[in-house]
Amino acid sequence: QSCLSVPAVQGAHHRSMPNPTAVFETSKGTFEAEIFLEQMPITASNFIALANEGFYNGIHFHRVIPDFMCQFGCPLAKDPKNGRAGTGGPDPNTEFMNIATGQKMKRNGGGCIKDELTQKISNEPGTLSMANTGQKDTGGSQFFLNVKHNKLLDWFDTSSDSKHPVFGKITKNYDLVEQISKVPTTDDNPKTPIKMISVTMRDVPEVGTVAVAPAAADGGGGSKSCCAVQ
């Protein structure tokens, strides 16, 4: 996949408010996460749009590694044993709304969004982080849940080429995600499929009312590892 998006423009009359919450109901239980809309408006808006469309419902975790992460979000993983799981994403050239700015965003021909390398939020345990192919602007629908402090995946960690921006953090039932990371696997794919029954959003603000956080220094650059975390 390879992707572009229209750049966001910060508007006026924004105000600070709590970030929205995503509720993940899986076949093994439910966990919740704060989605960093204020800090990561493009990435968060992309995720929220997909969740609200029901995109994630029925997809299985296709890759889990203990003491590392759980990867999810490939539509091809609706079949839990699909050998191409990890290579899919949203439909090409589809659109979503930047909730923070009210601007319409367009995914590129690979269904991907622009890398949002703007906030120095580390890949700590419990964080949600964008997966990508290793090339610039290749994040789409796939993300992973860190179960270790994977600082080498931070876009601002100069000791590695990996660039995975964090856009959320688990706030309820992190233990469940750790359990998922430790299930028996074959080639990192759970032997017993783990299905995402639904992803639902709570407390999503009105469009154009979010106070976007200022970008950190040293933003920009490419990505590493929408489909496989390396």
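In helix H1, the residues Pro41, Ile42, Thr43, Ala44, Ser45, Asn46, Phe47, Ile48, Ala49, Leu50 and Ala51 are buried, where buried means under 20% relative accessible area, exposed means over 50%, and partly exposed lies in between (1.4 Å probe, protein chains only). The model is a predicted one, in which local features need pLDDT of at least 70 and side-chain atom pairs count only at pLDDT 80 or more, while totals for chains, interfaces and linings use all residues. Residues are numbered from 1 along each chain as its sequence is written, and side-chain values use heavy atoms, with hydrogens and water left out.

H1 covers residues 41-53 and is mostly covered itself, with 11 of its 13 residues buried. From its first C-alpha to its last, H1 reaches 18 Å, close to the 18 Å expected; the expected span is 1.5 Å times one less than the number of residues. Just after H1, Gly54 has a positive phi of about 80 degrees.

The chain has 2 helices and 12 strands. Helices (H or I, at least four residues) and strands (E, at least two) are DSSP runs, numbered from the N terminus. Read from the N terminus, the order is β-β-α-β-β-β-β-β-β-β-α-β-β-β. Of the 230 residues in the chain, 55% are buried. The chain exposes about 9700 Å², and carbon and sulfur atoms supply 49% of that area; accessible areas come from the Shrake-Rupley method with a 1.4 Å probe, and for residues only the protein chains shown count as cover.

Next come the charged side chains. Side chains of opposite charge can pair when their charged atoms come close. A salt bridge is a side-chain nitrogen of Lys or Arg within 4 Å of a carboxyl oxygen of Asp or Glu, and a search of the whole structure finds 4 of them.

One of these joins Arg202 and Glu32, at 3.1 Å from N to O. This pair links distant parts of the chain: Arg202 lies in strand S12 (residues 196-202) and Glu32 in strand S2 (residues 29-35), 170 residues apart. Arg202 is partly exposed at 37% relative accessibility, whereas Glu32 is buried at 13%.

Another salt bridge pairs Asp157 with Lys151, whose closest N and O atoms are 2.9 Å apart. Here Asp157 is buried, at 9% relative accessibility, and Lys151 is partly exposed, at 43%.

Lys104 and Glu95 also meet in a salt bridge, at 3.7 Å from N to O. Glu95 counts as partly exposed, with 44% relative accessibility.
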